[in-house]
Amino acid sequence: MNNYKIGTVISLAIAFLAYPTGVLYAKKPRPSAAQPSGKTPAANANDPGGHSARGFEAAKARDYEKAIAEFSKAIEAEPGDSKNYFNRGTAYRGTNKLPEALADFSKAIELAPQDAAAYIGRGEVLLVQKQPDPALADFDKALQIASNDPNARRFRGFVFISKGEWQKAIDDYTVVIQRVPSDGGAYERRGFAYRNLKKFKEAIADYTKSIATDPKDPDGYRHRAVTYALAGDTKNAVADLRALLKIKPDDADAQTRLKVLETSAASSPAATGSTPVPAAASPH
């Protein structure tokens, strides 16, 4: 959970549909996401030649090129099966072939317009392509189909953060947290939204929970330190920056922030912290 870069969120979406049902995450997700089951999809009469099953196994091993080839053969055998387009689109996404992924997710939507996962997959690609408004439309559609889908809420919340719509982002990440209480990234991004609304108490609480999910992540301490400083709590801000520097001693940003706070505290010993370190106004 490094800052608020789009790539942090994107890895959540790499999912493959097992044959005949079920979901397998082919890339390592956040701890809150489902883990691979390790089960090979059963032989199925609707998978001529077993190409879908072999594509599934290749994707599970992160051999996306082989997965693409197998899913392409599955599409040739069953061109009306939306699942194979979805899976090939996800494999294309794994190789960063975004136009191809977009086309496959669109075809999956055409064949199965009530499949929320296909809208999420296409919206994620649009988000990577820096097209937030079309992406938002896809996430909205997915949530019309599956109102509490945590992936759709995560992505939509990120769009709202990018637009500075802080309360909407908070609402979406709150649903994610309710559904997946161990999702540290959701706490981190909700904390960022709270911070921008100057709700520092709530932001600090969220950053604290985010840190608890990954105590070796220096950015968790950075975000909470900034929030403490904005709230006028120099003592705790300094403590967080020192904790950060134990993890990452050469962090120039933390060194600078710590020096500013310590200089301020030394010049005003009676103050609890009157010189907050400026925070970024937008996601890092």
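The model is predicted, so local features need pLDDT of at least 70 and side-chain atom pairs count only at pLDDT 80 or more, while totals for chains, interfaces and linings use all residues. Residues are numbered from 1 along each chain as its sequence is written, and side-chain values use heavy atoms, with hydrogens and water left out.

## The chain as a whole

The chain has 14 helices and two strands. Helices (H or I, at least four residues) and strands (E, at least two) are DSSP runs, numbered from the N terminus. Of the 284 residues, 51% count as buried. Buried means under 20% relative accessible area, exposed means over 50%, and partly exposed lies in between (1.4 Å probe, protein chains only). A contact means heavy atoms within 4.5 Å. Among the contacts in the chain with a separation of 6 or more, 51% are between residues 24 or more positions apart.

## Aromatic pairs

Three aromatic pairs turn up in a search of the whole structure. Rings of Phe, Tyr and Trp (its six-membered ring) pair if their centres lie within 6.5 Å; planes under 30 degrees apart count as stacked, over 60 as edge-to-face and the rest as tilted. The ring centres of Phe139 and Phe155 are 5.3 Å apart and the planes stand at 10°, so this pair is stacked. Phe139 belongs to helix H7 (residues 132-145) and Phe155 to helix H8 (residues 150-162), so the pair ties together parts that are 16 residues apart in sequence. Phe139 is buried, at 0% relative accessibility, and Phe155 is buried at 0% as well.

Another pair, Trp166 and Phe192, is edge-to-face, with 5.7 Å from centre to centre and 75° between the planes. Trp166 sits in helix H9 (residues 166-179) and Phe192 in helix H10 (residues 184-196), so this pair ties together parts that are 26 residues apart in sequence. Trp166 counts as buried at 14% relative accessibility, and Phe192 counts as buried at 0%.

## Helices that pack together

The table gives two helix pairs. Axes are lines fitted to C-alpha atoms, for helices over the stretch in contact, and angles run from 0 to 180 degrees between N-to-C directions.

| Helix pair | Axis distance | Angle |
|---|---|---|
| H7 and H8 | 9 Å | about 145° |
| H11 and H12 | within 9 Å | roughly 160° |

H11 and H12 are therefore roughly antiparallel to each other. Angles under 35 degrees count as roughly parallel, over 145 as roughly antiparallel, 65 to 115 as roughly perpendicular and the rest as oblique. H7 passes H8 in a left-handed crossing, and H11 passes H12 in a left-handed crossing. A crossing is left-handed if the near helix is turned anticlockwise from the far one by less than a right angle, and right-handed if clockwise.

On the H7 side, the residues that meet H8 include Leu136, Phe139 and Leu143, and their counterparts in H8 include Phe155, Val159 and Phe160. Between H11 and H12, the contact is made by residues including Phe200, Ile204 and Tyr207 of H11 and Tyr221, Arg224 and Tyr228 of H12.

## Nonpolar cores

In soluble globular proteins, nonpolar side chains tend to be buried together. A nonpolar core is a set of buried Ala, Val, Leu, Ile, Met, Phe, Trp, Tyr and Cys residues joined through side-chain atoms within 4.5 Å. The largest core in this chain has 47 residues, and those touching the most other members are Ala67, Leu127, Phe139, Ala142, Ile161, Ala169 and Tyr173. Helix H6 (residues 116-128) gives the largest share of this core, seven residues. Apart from this core lies another, of 14 residues, among them Ala225, Ala237, Ala254 and Leu258.

## Single residues

Ala118 is found in helix H6 and is buried, with a relative accessible area of 0%. Not counting residues up to four places away in sequence, Ala118 touches Phe86, Phe105, Ala108 and Ile109. Ala118 and Phe105 are 13 residues apart in sequence and 5.6 Å apart in space, C-alpha to C-alpha.

Arg62 has a phi near 65°, a positive value in a residue other than glycine. Arg62 is placed in the loop between helix H2 (51-60) and helix H3 (64-77) and is partly exposed, at 47% relative accessibility. Lys198 also has a phi near 65°. Lys198 lies in the loop between H10 and H11 and counts as exposed, at 63% relative accessibility.
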